[in-house]
Amino acid sequence: MEVILLERVEKLGVIGDVVKVKDGFARNYLLPNKKALRSNAANRKVFEANRERIVAENAARRTEAETEAKTIDGITLTLIRQSSNTGQLYGSVAVRDLVEALNADGHKVTKAQVVLDRPIKTIGMSDVRIALHPEVAVTIKVNVARSPEEAEMQAKGVNVMEAMFEKDEAGFTEDYDPNAEPGEIATQAAVEETPAAG
């Protein structure tokens, strides 16, 4: 299906572009969200007649988004969650959790603006993209930890899980007694008393 874009759509085009898209994408996303019009003679005339107004409205929304972007860009959200000893969360941090945290901080963000490829399922630092407008996007850091102290350590760049499971570089070695019965533990005295074979 051919459509006329009413706003910039990522990986598709900008305002006024006539693009060919799959029918389902047009019917289920572009048309209901007023991001595009079906491309036909009547709609082209309507679009050309209203082009200046559409461009002006888009510019106003972009300016508003740029102002909001200055307040959000680079902030760090700290979320305290329960997790297992391996750092796997009981549950996950989803878009809804991020929107609630941002709104609690006084930022106006909707669920549609948070670009989270998959839910956050482990403790640690994650980068999340916030698309305030099709042409304005910022990145925030999400610090998921089990306690405020752990969150502070992660903010300073410490990998909490690695610090918890630091490996002993020397390794574990055990004295070997060739005469010991299976399952018997060799002692230093037994090793010294054993007569040399010969």
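Lys34 sits in the loop between α1 and β3, in a chain whose secondary structure comes to six helices and nine strands. Helices (H or I, at least four residues) and strands (E, at least two) are DSSP runs, numbered from the N terminus. This is a predicted model, in which local features need pLDDT of at least 70 and side-chain atom pairs count only at pLDDT 80 or more, while totals for chains, interfaces and linings use all residues. Residues are numbered from 1 along each chain as its sequence is written, and side-chain values use heavy atoms, with hydrogens and water left out.

- The phi angle of Lys34 is near 55 degrees, a positive value in a residue other than glycine.
- With a relative accessible area of 65%, Lys34 is exposed; here exposed means over 50% relative accessible area, buried under 20%, and partly exposed in between (1.4 Å probe, protein chains only).
- Lys11 belongs to the loop between β1 and β2, and its phi is near 65 degrees, again a positive value in a residue other than glycine.
- Lys11 is exposed as well, its relative accessible area being 81%.

**The chain as a whole**

- Of the 198 residues of the chain, 31% count as buried.
- The accessible surface of the chain comes to about 13400 Å², and 50% of this belongs to carbon and sulfur atoms; such areas come from the Shrake-Rupley method with a 1.4 Å probe, and for residues only the protein chains shown count as cover.
- Among contacts in the chain with a separation of 6 or more, 50% are between residues 24 or more positions apart; a contact means heavy atoms within 4.5 Å.

**The three-stranded sheet**

- Three strands make an open sheet in the order β2-β1-β3, with antiparallel pairing; two strands pair if DSSP finds at least two bridges between them.
- At the edges are β2 and β3 (36–38), each pairing on one side only.
- From one strand to the next, the twist averages 40 degrees; axes are lines fitted to C-alpha atoms, for helices over the stretch in contact, and angles run from 0 to 180 degrees between N-to-C directions.
- Strand β1 (residues 2–5) pairs with β3 in the antiparallel sense over three bridges, and the bridge partner of Ile4 in β3 is Leu37.
- Helix α2 packs on this sheet, touching β1 and β3, and its direction makes about 10 degrees with that of β1.
- Val18 is placed in strand β2 (residues 18–20) and counts as partly exposed, at 44% relative accessibility.
- Not counting residues up to four places away in sequence, Val18 touches Glu2, Val3, Ile4 and Ser39.
- Val18 and Ala36 are 18 residues apart along the chain, and their C-alpha atoms are separated by 9.3 Å.

**The four-stranded sheet**

- A second topic is the open sheet of four strands, which has the order β4-β9-β8-β6 and mixed pairing.
- β4 (76–80) and β6 (114–115) stand at the edges with a single partner strand each, so one side of each is left without a neighbour in the sheet.
- Between β6 and strand β8 (residues 124–133), the pairing is antiparallel over two bridges; Val114 has Ile130 as its bridge partner in β8.
- Helix α3 (residues 95–104) packs on the sheet and touches β4, β6, β8 and β9, with its direction at about 115 degrees to that of β4.
- Helix α2 (residues 41–72) lies across β8 and β9 (136–145) and runs at about 155 degrees to β8.

**An aromatic pair and a buried serine**

- Searching the whole structure finds one aromatic pair: Phe25 and Tyr29, which are stacked, at 5.4 Å centre to centre and 20 degrees between the planes.
- Rings of Phe, Tyr and Trp (its six-membered ring) pair if their centres lie within 6.5 Å; planes under 30 degrees apart count as stacked, over 60 as edge-to-face and the rest as tilted.
- Both Phe25 and Tyr29 lie in helix α1 (residues 23–30), four residues apart, about one turn of the helix.
- Phe25 counts as partly exposed at 36% relative accessibility, and Tyr29 counts as partly exposed at 34%.
- Ser84 lies in the loop between β4 and β5 (88–93) and counts as buried, at 16% relative accessibility.
- Leaving aside neighbours within four places in sequence, Ser84 is in contact with Tyr90 and Arg146.
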